[in-house]
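Work through the exercises below with the sequence and the 3D view open beside you. Try each task before you read its solution.

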Amino acid sequence: MRVSDDGVLAFRRALGLPGLIDVHTHFMPERVLDKVWAYFDAAGPLIGRPWPITYRHAELERLGILRGFGVRAFTSMIYPHKPGMAAWLNGWAADFASRTPDCLHTATFFPEPEAADYVRRALDAGARIFKSHVQVGAYDPEDVLLDDVWGTLEDAGTPVVIHCGSGPVPGKHTGPAPVARVLARHPRLRLVIAHMGMPEYTDFLDLAERHPGVHLDTTMAFTDFSERIAPFPPAERGRLAALGDRILFGSDFPNIPYGYAHALESLTRLGQDEAWLRGVCHDNAARLFGL
């Protein structure tokens with residue numbers, strides 16, 4: 001079925017969902033988001049192709065759009081690209097969560113001596129999900145400065161959405177191998193592999209099969225935009241079914257070059273049943289976050 005933005009409600013009703021849970025949305029300080037949008041506008045080196053921002057609106061309008069779609073819980077994915085930035089972002093995100101009760105309190109980190117301390121402070125303040133952007137941050141997830149961070153998050157059982165796949169272009173530390181080595185030391189980590197690990201889909205599905213705490217989010221995967229450059233292997237669709245309770249809906253809202261509903265429509269083209277769609281779009285995340 002085709003789903004227009006006006007048809008998101010019909011999509012939910014057809015599946016009998018009370019709403020959607022989107023684990024991969026971006027709310028950031030205005031000046032940071034402006035820089036992110038400027039980078040997309042310039043088709044920077046990590047993009048290399050036109051990338052129009054579909055939902056380029058002020059913060060309150062973006063919140064209204066998500067709520068209008070029936071998104072009952074979402075995140076404020078923040079990420080630093082240099083030292084000294086993460087703690088400040090965490091402070092902003094804590095304030096945002098306090099005034100936005102349907103946002104899952106999000107935090108982040110960077111390999112620096114202070115990381116373990118501010119991660120503990122974020123957890124004490126109520127952080128429920130973290131973001132690690134290996135590609136933009138250009139850091140090694142095995143960095144010794146992150147070992148206590150991973151250990152703290154492992155013990156807390158707090159999910160971490162990690163952009164570690166090599167899409168849209170490879171980075172020095174992207175790909176499955178560094179993450180696999182982190183998991184070898186911290187096997188109970190609850191990692192959520194962003195973008196299904198695009199384009200190394202098969203390798204990250206392998207990781208999920210080996211580690212019961214590893215989940216994958218659907219962010220931008222399966223869409224026409226991504227299928228042109230990094231198609232999901234049709235032969236792996238059976239594994240999507242087998243791992244269906246650990247796949248979570250993510251959109252990348254507002255920084256997507258198509259309508260929000262297209263991400264939902266793309267899921268309907270995978271040949272999975274309605275129970276799988278309900279799990280991906282709501283039930284799996286509801287269980288993971290106790291919603």
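**Exercise 1.** How many bridges join strand 4 to strand 5?

*Solution.* This is a predicted model, in which local features need pLDDT of at least 70 and side-chain atom pairs count only at pLDDT 80 or more, while totals for chains, interfaces and linings use all residues. Residues are numbered from 1 along each chain as its sequence is written, and side-chain values use heavy atoms, with hydrogens and water left out. Strands are DSSP runs of E with at least two residues, and helices are runs of H or I with at least four, numbered from the N terminus; two strands pair if DSSP finds at least two bridges between them. Strand 4 and strand 5 (residues 129–133) run parallel and are joined by three bridges. Within strand 5, Lys-131 is the bridge partner of Thr-108.

**Exercise 2.** In which order do the six strands form the open sheet?

*Solution.* The order is 4-5-6-7-8-9, with parallel pairing. Strand 4 (106–108) and strand 9 (247–248) each have a single partner strand, so one side of each is left without a neighbour in the sheet.

**Exercise 3.** Describe the aromatic pair of Phe-222 and Phe-232.

*Solution.* Rings of Phe, Tyr and Trp (its six-membered ring) pair if their centres lie within 6.5 Å; planes under 30 degrees apart count as stacked, over 60 as edge-to-face and the rest as tilted. The whole structure holds 15 aromatic pairs. Phe-222 and Phe-232 lie 5.2 Å centre to centre with 70° between the planes, which is edge-to-face. Both Phe-222 and Phe-232 are buried, that is, under 20% relative accessible area, where exposed is over 50% and partly exposed in between (1.4 Å probe, protein chains only).
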